[in-house]
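Hi everyone, thanks for coming. Let's have a look at the model together.

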Amino acid sequence: MPEPAERGQRYIPGLDGLRAIAVLAVIAYHLNLSWAPGGLLGVGVFFTLSGYLITDLLLTRYDTVGRLDLGQFWLRRARRLLPALVAMLIVVTAWTTVWHPSRLSSLRGGVFAALAYVSNWQLIGQHISYFAQFGPPAPLGHLWSLAIEEQFYLIWPWLLMLGLWLEARRGHDSLLRGRLALYALGLAAVSALLMAQLYHPGFATTRVYDGTDTRAFGLLIGAALAMVWRSRWLRADIPSSARVLLNVVGGLALLKIVLMIYSTAPSAPGMYRGGLVILSVATALVVAATVHPGSSMSRLLGVAPLRWIGVRSYGIYLWHFPVIALTTRTVGAPITIWRAAFQIGLTVALAALSWRYLEKPIMDGALSRLWTMVQPGNVWELGSALRAGPVVAAAAALLVVGTACVGLGTGPTRAAGAATTQAASQPISIHTQDKTSSQRRSHASTPRAQAASTTFCKAVTHLGDSTSEGMVSATFLPRPSQRLAAQYVRVGVDRVNLEISGGTSILETAEPGQPNAYTVARRLVSRGYRGCWVLALGTNDAADIAVGSVENQAERIAKMMSVLGSQPVMWVTVGSLLASGPYAEVNMQKWNAALVRSCAEHPTMRIYDWASVVSKKWFGPDRIHYTTYGYAQRARRIANALITAFPKSSARSPCVVR
């Protein structure tokens, strides 16, 4: 039986089983398995479990020696968490240095943020979200949750010490822990209300989802449970009715967690308005039943396979996302059973090695023994250990560390050729003043070019949201000729201006300070731009309208057209594969119908009906954005549609083109 993570705590096998369920759910989510849309809720389970265990540990120490002994607490936390984290960061950095050097610039900041346990605030500052990643996922993007936990470990003991001191002065020891639990629940309520207040449908959720303050309620609910349900106080000799109640409540709460993982997307609006609180309460009930020796929950969850995974769950969580991110060659590629099996197997193998040769030895005092060996007078003992130890493995480890140091110190400052980043809110502007000779030759060699298929538009401004980002991304479209600017040049455009910003709509913005599409258009017109417009907008507008945002479809379209005046405008219809929620296909169809109705009122307006030609196979895992092949098709077809909408000949085109 494995040792508990912290001395002074009773080992409870069922908690490792709960850890296993949580980490397996997270892996299923990151593998885009359709049966686990809410797999990321496993992180919320970890939060509540950690809040309970850490508070239970601190209070046990307080009961034993009369103080929290924070120095020793933080030292044990560092010894438990840092070695595996540092090892993972070294290996990922070395791998990236050798195989993906163009990604070193973005990785470098993630490494230092991870070591400082501020990854969540780094993601917030860069507006990088789990639910809006349109380039390759950052291999360290999952460390936001570990940062929140570590920040909790740093701040919560001080608050707990203050609460213990204040309550001890009152002299009501019998009420002490209950009163502290109420304080913790009060702080949890403030955190949950802050999440609900900061969340706005149609806006990016990075700040709300990754914020320490807005996610603290999960940890605090677990902490409140520890104050009134101490593991060392519980006894197995309870009445049979209480035993049945524990099992029923724990079983139903566990079923609720499983159903949420199976049926609820973590990005759904309801998650920010109480859904995650329900998850935390359900987890607390499972923990309460599992830690009680009179319940059967620990035996149910503590079966050997789950216990084995749970013991190594920290390493599994650390390794799974880098493995998935660095071994998935095509962004948005559909999952295959062989790739998933390989990624899961590699993750588990790395976590098992980490536990066997790094985490457990250090927990058992390996660093202290090593320090003793290197002291003067112990040369012979050190030499014997070196002869007996895996010298080759040590040399390999030094090589990996050296490679990682080279990557962090001398890697390129920018990702070569990258036209976009994961940040869905970064605007992109590309100006192609003249066609190069190579582009002219490519244009002349295509069948459509030989048939004089060109547009009269010499200048084009493309206003787009995140569904356009992949068309300008070197990650999605490695060949420059596939990307949107080159496709516009191919059909006769001399100057291309791309204004693409993920999460934007005509009225709303994804992040504070980011202009909406209406503002961008007004700015360009005021600066003297005259030419053709392609408006690949509407996906976010349709969703915003569905959740009650101001101005309907017709009003938004009219507002945009009023800015553009008599300039030629081609709108691109929108689509999705979602059956429910703000981004459901039914809302996209309402937007498209409004476009068709508005077209008759504006002589210079045309519509490219992308929604009627897009194939289901072109959509990515989120069923809103696209795969590499889908973005290549989208860029080519939008450019071709410009020929039909505004041909070089004098022929009048229909309102809707395909």
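Is the crossing of helix 1 and helix 2 left-handed or right-handed? It is left-handed, a term for a near helix turned anticlockwise from the far one by less than a right angle, with clockwise being right-handed. Helices here are DSSP runs of H or I with at least four residues, numbered from the N terminus.

Before going on, a word on the source: this is a predicted model, where local features need pLDDT of at least 70 and side-chain atom pairs count only at pLDDT 80 or more, while totals for chains, interfaces and linings use all residues. Residues are numbered from 1 along each chain as its sequence is written, and side-chain values use heavy atoms, leaving out hydrogens and water.

Back to our pair. The contact (heavy atoms within 4.5 Å) involves L15, L18, R19, A22, V23 and V26 on helix 1, and G42, V43, V45, F46, L49 and L53 on helix 2.

Finally, a loop residue: D69 sits between helix 2 and helix 3. D69 is not a glycine, yet its phi is positive, about 55°. At 17% relative accessibility, D69 counts as buried.

Technical notes. Helix = DSSP H or I, 4+ residues; strand = E, 2+ residues; numbered from the N terminus. Buried < 20%, exposed > 50% of the residue type's maximum accessible area, 1.4 Å probe, protein only.
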